[in-house]
Amino acid sequence: EEIEEATLRELRIFLREICAKLARNRTFYIFTKPVDEEVVPDYRDIIKEPMDLETMMTKIDQHEYECAQEFLCDIDLICTNALEYNPDRNPEDKIIRHRACTLRDTAYAYIKAEMDTDFEDKCREIRDRR
Ligand SMILES: CC(=O)c1nc(NC(=O)[C@H]2CNCCN2)sc1-c1cc(O)cc(O)c1
């Protein structure tokens with residue numbers, strides 16, 4: 001009902017700010033757009049559920065996140081995809097794994113720092129009721 005719609009609207013505004021801030025950070029540049037099959041041809045043979053920050057921004061606008069936890073699940077997916085696609089000891093893989101872990105930790109830190117815990121609880125209650 002109306003109060004619930006106001007809460008979810010506030011959540012979307014908050015998540016857009018977090019998503020935009022992450023996408024502005026040069027460290028996370030390789031996570032900002034879907035992996036291009038032309039550039040990385042074997043990517044979808046290895047990674048079954050690709051995710052990126054632009055896709056997450058679209059999901060916000062399509063009301064696909066009903067609480068911050070669901071948003072962080074997609075951040076975790078970006079991270080685990082990068083760890084799986086870049087498992088080796090070589091310097092390039094290690095740099096990409098480090099960037100993926102930094103993306104995950106930064107996203108969790110932004111949410112924890114800027115999100116009221118009982119606002120998140122309220123969003124989860126709405127989600128669980130629906
Ligand atoms: C996001 C990601 O997981 C990714 N991983 C890569 N790994 C490699 O190239 C490793 C694989 N092991 C052998 C040494 N090379 S390139 C790459 C990527 C980079 C971009 O500039 C855009 C983009 O969409 C994806």
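## Ligand shell

A residue counts as near a molecule if one of its heavy atoms lies within 4 Å of it. In this predicted model, the residues around the ligand are Ile30, Val35, Asp36, Tyr85, Asn86, Glu92, Asp93 and Ile96. By class, four of the shell residues are nonpolar, one is polar and three are charged. Here Ala, Val, Leu, Ile, Met, Phe, Trp, Tyr, Cys and Pro count as nonpolar, Asp, Glu, Lys and Arg as charged, and the others, Gly among them, as polar. Helix H5 (residues 91–114) gives the largest share of the shell, three residues.

## Polar contacts and cover

A polar contact is a pair of N or O atoms within 3.5 Å. Asn86 has a polar side-chain atom 2.6 Å from a nitrogen atom of the ligand. For Glu92, a polar side-chain atom also lies 2.6 Å from a ligand nitrogen. An N or O atom in the side chain of Asp93 is 2.8 Å from a nitrogen atom of the ligand. On its own, the ligand has 550 Å² of accessible area, and the protein covers 71% of it. Accessible areas come from the Shrake-Rupley method with a 1.4 Å probe.

## The pocket

The ligand takes up the space of the largest pocket. A molecule sits in a pocket if more than half of its atoms lie within 2 Å of the pocket's grid points. A pocket is an open set of points on a 1 Å grid over the protein atoms alone, where a 1.4 Å probe fits, with protein on both sides within 12 Å along at least five of seven lines; lining residues have an atom within 4 Å of a point.

The largest pocket holds about 460 Å³ of space, a volume filled by probe spheres set on the points. Its lining has 21 residues, with Ile30, Phe31, Val35, Val40 and Tyr43 nearest the centre. Helices H4 (68–85) and H5 are the elements that give two or more residues to this lining. H4 has the largest share, four residues. The lining divides into 13 nonpolar, three polar and five charged residues.

## Overall fold

The protein has six helices and zero strands. Helices (H or I, at least four residues) and strands (E, at least two) are DSSP runs, numbered from the N terminus. The C-alpha trace spans about 50 × 25 × 25 Å along its principal axes.

## Basis

Residues are numbered from 1 along each chain as its sequence is written, and side-chain values use heavy atoms, with hydrogens and water left out. Local features need pLDDT of at least 70 and side-chain atom pairs count only at pLDDT 80 or more, while totals for chains, interfaces and linings use all residues.

Note on methods: A polar contact is a pair of N or O atoms within 3.5 Å; within protein, one must be able to donate a hydrogen and the other to accept it, and residues adjacent in sequence count only if both atoms are side-chain atoms.
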